[in-house]
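Trainee: Please walk me through this model. I would like to learn how to read its features.

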Amino acid sequence: MKKTEKFEVVIIGAGLSGLTLAKEICDRTNYKILVLEKKKKFMFDKNWCFWNKPENPFTNNFDHAWEKISVNIDGKEKILRDKNIKYLHLKSSSFYQKMINDLKKKKVIIKMNQKIKSVLSNKEGFNLIKSENSVFKSKFVFDSRPKKYLKKKNLLFQHFYGAEILFKKPLIDKNKVTLMDFQSFNNGIHFLYILPFSSKKALFETTYFSTKILNERIYKLDIKKYLKKKFPNQKYESKFIEKGIIPMFYTNQRSTNKNVINIGTPGNWVRASTGYSFQNAFIISKEITDKLLEKKKLKTETNKIIKFLDKVFCYYIANYSYDSKKFFKCFFLKNKFKDIVSFLTGEIKFFKMVLIILSLPKKKLLFSMFKSIKNN
C-alpha cells in the first residue's frame, strides 16, 4: 500500500507559475510545501522576455537587455526608444537555478518525474494527489497542468516556432530587438520576432495569431525564407529550438473544489492579447499568498477593463485580420513608447488608455466591442 505524505500546499508543475508561487508562499508562511514536476530534470527549455516595469525579482538579474525596439510594417521600420525602458531576457535555466536554490534553502520539497494520475477530495476537506508511485495529502492544491484546448474549433491562438541561429560572420545588430516584423495579415497575423544575443547569434521566431495551428514544416520554412531574404548567401547553423501554443482567450475558472486552484496558463495568468506571463506570475503569486494569509477565497480575477480590451482585440484579429495592419500602424506609430509599454503590461492609467483607444481604427473596433459585450 502506498504511504500518504502530508503537506499544507501541493503545487503541480515546476515551471514559471509553480516555482514562483512556491517561492512567494514559502517566503511568507511556515507551510510545508511540495512541488511535483513531470520532467526528470531541469534544463534550458525556453526563453522569457519582459519589460523592466513593473519590477520583479529578475528585473536586475537578467541574461540580456535591450533599449532599442524595432517594429516593421510594410517594409518600413519604426525604432522605439525611451531612456527609462528596457526589454529584458532571461533563460529558463537561469530562472530554474535561482528559484530552486532559494526553495531548497527554505526546505521546499521538489519531486521530479512525477506523473499525476488524479486529484480527489475527501470528506475531511483535504485533497489526495495520486502519482504513479505515491499519494500526497494536502489542503491546498495549485495545478498548472495544461488543458486540452486544441480540440475546440475556431479559437484564436498565438503559436510560434523559434530557432537559435549562429552565423559564421557578425551580421546582427546586437543592440536591437525586433518585436514584430510583420509578414502577412491574411487569415490571421504573421510576424517574425528576433532576439539578438550577439553580433553572430540570435533567436528567430516565426509567430502567428490565428485559429489554425500549422505543420512544423511551415514554421521551419518561414525562418529559412526570412534568413535568405535578410541575409542572402550567408552561412549559419541552427541551434536551440523553441516552440509553443498560447490560447488568446480566457478560460472558465469555475471549480467544484475551492481549494484546487488552476495556475499558469490554465489559471489565466497569461495575458490573452499578448502572451505575456512572466511579470504576471509574480503579481498573481503575491495575490494568492495574501488571500492564503487572510483566509479568503483563493480565486484571482484579471482586471476587468484589461480583460474586456483583450477580448475586443482578439475578436478583431480573428475576424478582421487584414484590417489589423492599420490597427498595428496606429498603435505603434501614433502613441508614445512609454504608453505603449504601459498598455502592453496592463499598468497604464485610465486616461492614457482612452487616448490609445482613440488612436485606433474606429468602425470595426467599435463593432468588435459590441460583439464582445454581446458574447460576454
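Mentor: Start with burial. Buried means under 20% relative accessible area, exposed means over 50%, and partly exposed lies in between, with a 1.4 Å probe and protein chains only. Aspartate 310 has 1% relative accessibility, so it counts as buried. This is a predicted model: local features need pLDDT of at least 70, side-chain atom pairs count only at pLDDT 80 or more, and totals for chains, interfaces and linings use all residues. Residues are numbered from 1 along each chain as its sequence is written, and side-chain values use heavy atoms, with hydrogens and water left out.

Trainee: Which side chain meets that of aspartate 310 in a salt bridge?

Mentor: First the criterion. A salt bridge is a side-chain nitrogen of Lys or Arg within 4 Å of a carboxyl oxygen of Asp or Glu. Aspartate 310 meets arginine 271, at 3.1 Å from N to O. Aspartate 310 lies in helix α5 (residues 304-319) and arginine 271 in the loop between β17 (260-262) and α4, so the pair ties together parts 39 residues apart in sequence. Arginine 271 is buried too, because its relative accessible area is 7%.

Trainee: How are helices and strands assigned here?

Mentor: They are DSSP runs, numbered from the N terminus: helices are H or I with at least four residues, strands are E with at least two.

Trainee: How many salt bridges does a search of the whole structure find?

Mentor: The search finds 23. One of them joins arginine 28 and aspartate 290, with the closest N and O atoms 2.5 Å apart. That pair links distant parts of the chain: arginine 28 is in helix α1 (residues 16-28), aspartate 290 in helix α4 (residues 278-294), 262 residues apart. Arginine 28 is partly exposed, at 31% relative accessibility. Another salt bridge joins the side chains of lysine 176 and glutamate 77, at 2.9 Å from N to O. Lysine 176 lies in strand β13 (residues 176-184) and glutamate 77 in strand β6, so this pair ties together parts 99 residues apart in sequence. Lysine 176 is partly exposed at 21%, and glutamate 77 is partly exposed at 42%.

Trainee: How do I read strand pairing?

Mentor: Two strands pair if DSSP finds at least two bridges between them. Strand β1 (residues 4-12) and β2 run parallel, joined by 4 bridges. Isoleucine 12 has leucine 36 as its bridge partner in β2.

Trainee: Which way do the side chains of strand β2 point?

Mentor: Ile33 and Val35 point one way, Leu34 and Leu36 the other, and all are buried.

Trainee: Is helix α7 mostly covered or mostly open?

Mentor: Mostly covered: 7 of the 9 residues in α7 (residues 337-345) are buried. Among them are Phe337, Ile340 and Phe343. Glycine 346 follows α7, with a positive phi near 80 degrees.

Trainee: Which residues other than glycine have a positive phi?

Mentor: Aspartate 74 is one of them, with phi near 55 degrees. Aspartate 74 sits in the loop between β5 (68-73) and β6 (76-80). Lysine 107 is another, at about 65 degrees. Lysine 107 is in the loop between α2 (92-105) and β8 (109-111), and is exposed, with a relative accessible area of 74%.

Trainee: Where is there a cis peptide bond?

Mentor: Between lysine 53 and proline 54, with omega about -5 degrees. Proline 54 is in the loop between β3 (47-51) and β4 (64-66).
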